[in-house]
Amino acid sequence: MHTDVKIKPFWYSDTFVFPKLITIVTTLNSEGKVNAAPYSHIMQYDVMHKTPRIYLGFRNTSHTFQNIRDTGEFVINCPSASHLKDMMETARFHPEGVNELEHTSFTQIPSKRVKPPSIAECKQILECTVDKVVDLDATQGHVIANIVSLMVEEELVDMGREDRLRALDLPIGLGDERRADYFYCHSDNIEMYTLEDIEESADEVVALVTGMDWDEGSMKALRRVPAGVRRTVIRHTEAAAKEKGATEITAELYGQISKEAGMDDAVLDRFQSGG
Ligand SMILES: Cc1cc2nc3c(=O)[nH]c(=O)nc-3n(C[C@H](O)[C@H](O)[C@H](O)COP(=O)(O)O)c2cc1C
């Protein structure tokens, strides 16, 4: 039986378990001194490729938040589980102006498009510039940032997901007790399930297309849409075509409606390659 638990500060960590990605955010203060600290209140914000953005939540007195506000730039570095000790070292409350990386075995390297350094040992890195800073209340600040470089270790680029997960060996944060004891697990126990498509033959797709005629070209394009989203695409396309006063879906109209719905070549390529 469930019970209604009182919501207290830090509910997301103390009461509710949210496994999270652990990163080390590197910044520069207004005098150009390096700061590094772990952050896991991080989530993708804009998942498309035109304005890729990320969201982060901070205690607003942290040096990292203040540096981001002052300089508008930062780097998100993802350490592997083998660097947990170094990562925890960067969490200690060093005075302003202390470069925490100097107390670790991490190697500082220049970033590609922003001034704060990256960490060589981290195999995936996001270089970011500020889009918006949001002051939520007296204690919390949020940052929505543009991803200006997505850097990954070369060996990972063509690796399948399972090998990549093992090579990255990312620690997963499981929350803390007393703001002192931090719990982690490793991504070394990997399971995989294949999502089976509900296969529809081309004839079944045609049968699904009710209400309007689709020419040969638009039907060809429709066959390339993954089966799982085909019905939604048909419904959306026909509704949009009716709004435009069209009575037939031509290849040209289908292309136009797809683009208006954000389905440009890069998005379609992602679906078709399964990448
Ligand atoms: C694994 C881990 C994740 C953390 N995530 C966050 C976070 O998302 N937001 C936050 O404000 N503090 C977070 N902290 C606490 C900060 O890292 C800590 O307060 C640090 O000393 C801040 O350093 P700074 O003042 O140099 O930015 C986290 C700590 C750890 C160990």
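This report walks through the domains, strands, cores and ligand shell of the structure above.

The model is predicted, so local features need pLDDT of at least 70 and side-chain atom pairs count only at pLDDT 80 or more, while totals for chains, interfaces and linings use all residues. Residues are numbered from 1 along each chain as its sequence is written.

## Domains

Let's start with the overall layout. The protein chain is assigned domain 1 (11-186) and domain 2 (202-270), with bounds that come from an automatic or database domain assignment. Taken over C-alpha atoms, the centres of domain 1 and domain 2 are 41 Å apart.

## Strand pairing

Some conventions first. Helices (H or I, at least four residues) and strands (E, at least two) are DSSP runs, numbered from the N terminus. Two strands count as paired if DSSP finds at least two bridges between them. The table gathers several pairings.

| Strand pair | Sense | Bridges |
|---|---|---|
| β2 and β3 | antiparallel | six bridges |
| β2 and β6 | antiparallel | three bridges |
| β6 and β9 | antiparallel | six bridges |
| β9 and β10 | antiparallel | 11 bridges |
| β11 and β12 | antiparallel | five bridges |

Thr 23 stands opposite Tyr 39 in β3, and Ile 24 has Asn 77 in β6 as its bridge partner. Further along, Phe 74 faces Cys 128 in β9, while Thr 129 has its bridge partner, Asn 146, in β10.

Two of these pairs are hairpins. Between β2 and β3 there are five residues, and Gly 32 in that turn has a positive phi of about 90 degrees. Between β9 and β10 there are four residues.

There is also an open sheet of three strands, in the order β1-β11-β12, with antiparallel pairing. β1 (20-21) and β12 (181-186) are the edge strands, each with a single partner, so one side of each has no neighbour in the sheet. Within this sheet, Pro 171 stands opposite His 186 in β12.

After α4 comes Asp 169, whose phi is positive, near 40 degrees.

## Nonpolar cores

A nonpolar core here is a set of buried Ala, Val, Leu, Ile, Met, Phe, Trp, Tyr and Cys residues joined through C-beta atoms within 7 Å. The largest has 27 residues, of which Ile 24, Val 25, Val 75, Ile 76 and Cys 128 touch the most other members. At least two residues of this core come from each of β2 (23-28), β3, β5, α2, β6, β9 and β10. β6 supplies the largest share, four residues.

Contacts are counted when C-beta atoms, placed from the backbone, lie within 7 Å. Leaving out residues up to four places away in sequence, Ile 76 touches Thr 23, Val 25, Ile 42, Ile 125, Leu 126 and Cys 128. Another core, of seven residues, lies apart from the largest one and has Val 225, Ile 249, Tyr 254 and Ile 257 among them.

Val 225 is also a contact of Val 233, as is Leu 222, again not counting residues up to four places away in sequence. Val 233 sits in helix α7 (residues 227-243) and is partly exposed, with 18 other C-beta atoms within 10 Å. Val 233 and Thr 51 are 182 residues apart in sequence and 24 Å apart in space, C-alpha to C-alpha.

A residue counts as near a molecule if its C-beta atom, placed from the backbone, lies within 6 Å of it. There are 17 residues around the ligand, and Ala 37, His 41, Ser 62, His 63 and Thr 64 come nearest. The elements giving two or more residues to this shell are β3 (34-39), β5 (53-59) and α2 (63-71). β3 gives the largest share, four residues.

Note on methods. Buried ≥ 20, exposed ≤ 12 C-beta atoms within 10 Å, placed from the backbone. Contact = placed C-beta atoms within 7 Å.
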